[in-house]
Amino acid sequence: MHIRLPNQFTPRPYQRDLFRYFDNGGKRAVLVWHRRAGKDMTMLHQTAKMAMQRVGTYLHVLPEQAQARKVIWDAIDIDGLPLLDTAFPAAIVKDKNISEMKITLKNGSIFQLGGSDNYNSMMGTNPIHVTFSEYSIANPSAWDYIRPILAVNGGTAAFIYTPRGRNHGYQMMNMAMGDPKWFCSIQTVDDTHAVSLDAIQDERKAGMSEDMIQQEFYCSFTSGALGSYYGKLIEDARQSGRITNVPYNPALSTEYWFDLGYNDYTSCWVIQRSGYQFNAVRFHEWGTTSLPRICAEIREWGYRRDLLILPHDGDTHELIAGRTRKDVMEEELGCLADSSPRPQNMREKLEQIHAVRSVLPMFVFDATLCEHGLFALESYTRKWDEKNRVFMNEPKHDWASHCADAMRTGAVMQSERQKFNQKGYSAAHRVKTSAH
């Protein structure tokens with residue numbers, strides 16, 4: 001039996017341009033396409049072609065593992081057929097592993113779905129192609145992990161997404177536009193005509209905001225990350241020149257604001273105060289790493305270590321060490337630690353988020369060493385209620401949460417300090433508080 005790839009798929013002109021780029025040996029592509037422009041469908045069919053031409057592992061990575069199953073593995077196309085059965089017809093498939101969302105082709109190639117929220121699980125797969133779907137809301141650290149592998153094996157990568165503010169997706173697009181080796185395609189509904197103006201008007205009537213219309217259908221980056229708690233504040237920091245070069249100053253007291261992960265990521269902001277200004281000189285994140293190893297890396301930075309500000313679970317006992325996390329870190333880093341109060345309910349958590357919003361206008365960020373942290377703060381958003389098409393009044397837990405929670409840890413302690421001062425505590429008490 002002869003199968004022609006792409007199978008049962010006639011590409012539109014803008015999709016054909018992408019096929020031509022990869023077919024002629026291109027390595028890196030950025031597709032900033034409007035909602036419902038066929039981003040995933042296009043790359044699935046292109047991946048099927050490449051997988052039959054060169055044996056290897058091909059990954060299609062969504063922001064979250066669960067999302068990959070819902071959006072791709074279980075998806076049905078416009079003709080009522082399983083999406084993957086169209087892109088990878090039975091004639092070229094040897095086996096399917098439902099639990100691992102993996103398809104093994106008859107020529108030995110493997111196609112597998114994954115999530116950027118668990119990119120460490122990709123270790124050992126040695127992919128020769130990766131598609132990052134919805135990259136603008138994915139964990140950008142996943143690309144940092146994969147890119148050296150592709151550089152060694154001559155692999156390819158595609159980043160497909162609709163804008164979500166001026167975050168890492170915006171940076172990726174700007175970089176690709178300026179590099180002739182990259183393919184960069186920006187397609188709005190005016191370019192593709194894939195969504196009618198009547199359909200967009202129906203969305204307006206159904207309650208979709210104009211900002212979201214511009215973002216979803218006209219690829220606007222200026223609307224900000226819709227639903228973002230801090231996106232406008234970070235944009236204000238950019239416009240006012242507060243994202244710049246902020247060198248470490250050994251004369252200033254240095255604090256470390258943490259969110260501690262157990263089987264998750266640990267995040268840390270390194271903060272120096274200069275009067276009423278907070279200088280964020282570094283942001284760093286570790287994945288499933290022990291506290292002693294984290295502390296060893298912090299010591300290598302060579303910064304002063306005046307105060308650790310830990311989240312409420314800093315007082316949790318480590319099973320192996322038999323001591324609290326706070327005790328371990330105080331000993332390893334040689335400085336005192338303080339733990340922020342635990343929010344008792346969503347109302348208190350939202351009050352703590354407000355504390356971050358209050359302190360961010362006093363921040364200056366190092367553009368290079370805080371880049372990932374800034375992207376995460378912009379991407380920290382409220383949950384979206386798909387049924388009612390509104391943002392809920394609670395935060396979404398994703399790759400950006402750890403960074404945002406680390407900032408919240410420190411901001412809450414600033415709020416607590418202000419409360420102490422406003423209540424007129426004794427000078428001795430204030431000295432003790434500042435020492436801790």
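**View 1. Glu134 sits in the loop between strand E6 (129-133) and helix H5 (141-153).** Helices (H or I, at least four residues) and strands (E, at least two) are DSSP runs, numbered from the N terminus. This is a predicted model, in which local features need pLDDT of at least 70, side-chain atom pairs count only at pLDDT 80 or more, and totals for chains, interfaces and linings use all residues. Residues are numbered from 1 along each chain as its sequence is written, and side-chain values use heavy atoms, with hydrogens and water left out. Glu134 is not a glycine, yet its phi is positive, about 55°. At 13% relative accessibility, Glu134 counts as buried; buried means under 20% relative accessible area, exposed over 50%, and partly exposed in between (1.4 Å probe, protein chains only).

**View 2. Met101 is another non-glycine residue with a positive phi, here about 50°.** Look for Met101 in the loop that links strand E3 (93-97) to strand E4 (102-105). Met101 is buried, with a relative accessible area of 2%.

**View 3. A cis peptide bond joins Leu5 and Pro6.** Omega is about 0° for this bond. Pro6 belongs to the segment before H1.

**View 4. Helix H1 (residues 13-23) has buried residues Tyr14, Gln15, Leu18, Phe19, Tyr21 and Phe22.** They cover an arc of only 160° around the axis, so they sit on the same side of H1. That arc is taken from the directions from the helix axis to the C-beta atoms. The cover over these buried residues includes strand E1 (28-33), helix H2 (39-53), strand E7 (156-161), strand E8 (182-187) and helix H7 (189-192). After H1 comes Gly25, with a positive phi near 100°.

**View 5. Gln46 is a residue of helix H2.** Gln46 is buried, with a relative accessible area of 0%. Setting aside neighbours within four places in sequence, Gln46 is in contact (heavy atoms within 4.5 Å) with Phe19, Phe22 and Asp23.

**View 6. Leu83 lies in helix H4 (residues 83-87).** Is Leu83 buried or exposed? Leu83 is buried, at a relative accessible area of 8%. If you leave out residues up to four places away in sequence, Leu83 touches Met41, Leu44, Val71, Ile72, Ala75, Ile76 and Asp77. Leu83 and Met41 are 42 residues apart along the chain, and their C-alpha atoms are separated by 7.9 Å.

**View 7. The largest nonpolar core has 35 residues.** A nonpolar core is a set of buried Ala, Val, Leu, Ile, Met, Phe, Trp, Tyr and Cys residues joined through side-chain atoms within 4.5 Å. Which members touch the most others? They are Tyr230, Trp269, Phe363, Phe365, Leu377 and Met407. Elements giving two or more residues to this core include helix H10 (231-239), strand E11 (265-274), strand E12 (277-287) and helix H15 (401-422). H15 gives the most, with 6 residues. Not counting residues up to four places away in sequence, Met407 touches Trp257, Trp269, Val356, Leu360, Phe363, Phe365 and Leu377. There's also a second, separate core of 34 residues, with Leu44, Leu62, Ile72 and Phe111 among them.

**View 8. Gln277 lies in strand E12.** Gln277 is partly exposed, with a relative accessible area of 32%. Beyond its neighbours within four places in sequence, Gln277 is in contact with Gln272, Met362 and Val364. The C-alpha atoms of Gln277 and Gly287, 10 residues apart along the chain, are separated by 30 Å.

**View 9. Helix H12 (residues 325-333) has Arg325, Val328, Met329 and Leu333 as its buried residues.** They cover an arc of only 105° around the axis, which puts them on the same side of H12. Their cover includes strand E10 (254-259), helix H11 (291-301) and E13. Just after H12, Gly334 has a positive phi of about 70°.

**View 10. The structure holds 1 cavity of 30 Å³ or more.** On a 1 Å grid over the protein atoms alone, a cavity is a set of points where a 1.4 Å probe fits but cannot get out, and lining residues have an atom within 4 Å of a point. The largest cavity has a volume of about 50 Å³, a volume being the space filled by probe spheres set on the points. Its lining is made of Pro63, Glu64, Gln67, Asp117, Ile137, Lys396, Asp398 and Trp399. These residues divide into 3 nonpolar, 1 polar and 4 charged. Here Ala, Val, Leu, Ile, Met, Phe, Trp, Tyr, Cys and Pro count as nonpolar, Asp, Glu, Lys and Arg as charged, and the others, Gly among them, as polar.

Notes. 1 Å grid on protein atoms, 1.4 Å probe; cavity = no way out; pocket = protein on both sides within 12 Å on 5 of 7 lines; lining within 4 Å.
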